Amino acid sequence: MKKLFLPIIVSLIFCNTGFTRSTGCTDGDCNNGYGTWTYTDKTVYVGEWHATLKHGQGTETWPNGYIYEGEFFNSKWQGQGTLTFPDGATYVGEWRDGNMNGQGTFTWANGDIYVGAFLDSARNGEGTKTDADGTVQKGIWKDGELVESN
């Protein structure tokens, strides 16, 4: 039994080191430049950095299937960008402080499309939603609901 103990411990150490994953800046310059940052949950950011913050163009990919491609400002989604959801839905448009804010197009996986204004990631303001079956809802939206048709 004692003869097996040491080889088992050594093999466990070598096996476990093979399964560790790299986290942090795994490629490039993640201080002031272009680099890749891998998080412990396997989320990966590839893009521009300024003063150790995501800043400029980049792509953030989550292991659950979400993908954001676009502009970052102080590590937040800001400016123009595209968020792709795991089910295939997409939002293409303006972002502010990590939320859908401004003009954009949201396309659901079932083919429904909303084109118009967003505030804090909800339909707010003038917009048109066209369902996959051709039904159109156009007017003023508040907190994701049509409140005034036109």
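At 13% relative accessibility, Lys129 counts as buried (buried, under 20% relative accessible area; exposed, over 50%; partly exposed, in between; 1.4 Å probe, protein chains only). The model is predicted, so local features need pLDDT of at least 70 and side-chain atom pairs count only at pLDDT 80 or more, while totals for chains, interfaces and linings use all residues. Residues are numbered from 1 along each chain as its sequence is written, and side-chain values use heavy atoms, with hydrogens and water left out.

Side chains of opposite charge can pair when their charged atoms come close. The structure contains 4 salt bridges (a side-chain nitrogen of Lys or Arg within 4 Å of a carboxyl oxygen of Asp or Glu). One of them joins the side chains of Lys129 and Asp112, at 3.7 Å from N to O. Asp112 sits in the loop between β8 (99-107) and β9 (113-119), and Lys129 in strand β10 (residues 122-130), so this pair ties together parts that are 17 residues apart in sequence. Strands (E, at least two residues) and helices (H or I, at least four) are DSSP runs, numbered from the N terminus. Asp112 is also buried, with 11% relative accessibility.

Lys129 has a salt bridge to Asp131 as well, with an N to O distance of 2.9 Å. Both Lys129 and Asp131 are buried. Through shared partners, salt bridges join Asp112, Lys129 and Asp131 into one network.

A further salt bridge links the side chains of Lys142 and Asp143, at 4.0 Å from N to O. Here Asp143 counts as exposed, at 56% relative accessibility.
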